[in-house]
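I want the overall picture first, then a few spots along the chain.

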Amino acid sequence: MGLSIAWGLVRAGRDVRLVDPAPATGATYAAAGMITPVSEHRPTERALHALAQESAADYPAFLEAIPGGGGCGFEAASTLLVAVDDADRHAIDELAALRPGEVESLTLREARRLEPLLGPRATAVRRVQEHRVDPRNLAAALLAALGDRVVRGAVRSILHEDPNDPMSPAIGVRIDDGVITAREVIVASGLDAARVEGMPFPVTLRPVHGDILRLRVPGRLWPLLNCTLRARVHGSSVYLLPRADGTVVVGATQREHGGASVSAGGVYELLRDATAVVPAVAELELLEATARARPTTLDNAPLLGRAAPGLIIATGFGRHGVMLAPIAAASVAALVDGVAPPHIAPFRPDRFAASPVPLEVS
């Protein structure tokens, strides 16, 4: 998120410094890169869904503006929603009912024509036209584009015009070895945002840890998949995302307990459910098991907006950070220009504060 916002501001002609001790090594490093606003839709998250749809539509132009953006693995690819029992089928039917015209029903024969290695336990399949991108390649392209604007360090506190009033205009940040002054400070640092001093109100985030696997497909099974699969397996969720480099990403668990390390139980569950959907997964080479924490808010929607004069917050994107990168970057650029886009109104960063303060920005 920070990389995307910084690049958007550079393109808008701003002088930018991005401060991060280890850019793109957190949730971005683990992310699969599904740009799936329809199949991620939840009926209680209408504003978030609308934001995701707009961001997904902006993705081609967003990538075209990044030097090397063509190598970020962006693909328009179908997502297949797969069920393996009647209860799972009911769940994907509910999504289809929520998005009439966007979710297509397939017969099992049609589905296996698309995906010959789909397992015999599939009982129903729905298709959605969506996209995918490689977050690691995207982060690398953004880092290269930003060049020496990246400062390796950690922000310790926000500096204010009145040191005793965190609602007074922000004038810069204190980092490990000094101070950087700025007309605008944008806090886009994931879970670390909750630990930065000088915020005008508490930033409440919770770490939602997840395990994700990367596997290599042997030549005799290539291509294992053509579409992204999002499956329900006896009430559990699993996705399989193929990449052009011959690997498949399998994810992702969600847990709010048990620590930050890779969970043996999580790896087992992912492989169990993935092989129920595509039995040939059992024949792949396990390259990597990764665990990271998603920075998540109390209502699972991001904190995005102005917090004080000179201070913008963009964090708490949870599992949607990659998908929402283009719209977040454009929204922050607009805020810096003095315009508050109406689509970010539901995500104001002080909505969990005891007494949100009306903010007038000239």
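How many helices and strands does the protein chain have? I count eight helices and 17 strands, where helices (H or I, at least four residues) and strands (E, at least two) are DSSP runs, numbered from the N terminus.

Ground rules for myself: this is a predicted model, where local features need pLDDT of at least 70 and side-chain atom pairs count only at pLDDT 80 or more, while totals for chains, interfaces and linings use all residues. Residues are numbered from 1 along each chain as its sequence is written, and side-chain values use heavy atoms, with hydrogens and water left out.

**Overall shape.** I looked up the radius of gyration, taken over C-alpha atoms; the globule rule is 2.2 Å times the number of residues to the power 0.38. The protein chain comes out at 21 Å, which agrees with the value near 21 Å for a compact globule of 362 residues. Along the principal axes, the C-alpha atoms fill a box of roughly 65 × 40 × 40 Å.

**Burial and contacts.** Buried means under 20% relative accessible area, exposed over 50%, partly exposed in between (1.4 Å probe, protein chains only). By that cut-off, 50% of the 362 residues are buried. For contacts (heavy atoms within 4.5 Å), I took residues at least 6 apart in sequence, and 74% of those contacts join residues at least 24 apart.

**Helix H1.** What does H1 (residues 2-11) look like, mostly covered or mostly open? Mostly covered: eight of its ten residues are buried, among them Leu3, Ile5, Trp7 and Leu9. I noted that the buried residues pack against strand S1 (18-19), helix H3 (46-64), H6, strand S10 (185-187), strand S17 (311-315) and helix H8 (325-336). After H1 comes Gly13, with a positive phi near 90 degrees.

**Asp134.** I found Asp134 in the loop between strand S5 (124-132) and helix H6 (135-146). Asp134 is buried, because its relative accessible area is 13%. Its side chain reaches the backbone nitrogen of Arg136 at 3.1 Å. Leaving out residues up to four places away in sequence, Asp134 touches Cys72, Gly73 and Arg243.

Notes. A polar contact is a pair of N or O atoms within 3.5 Å; within protein, one must be able to donate a hydrogen and the other to accept it, and residues adjacent in sequence count only if both atoms are side-chain atoms.
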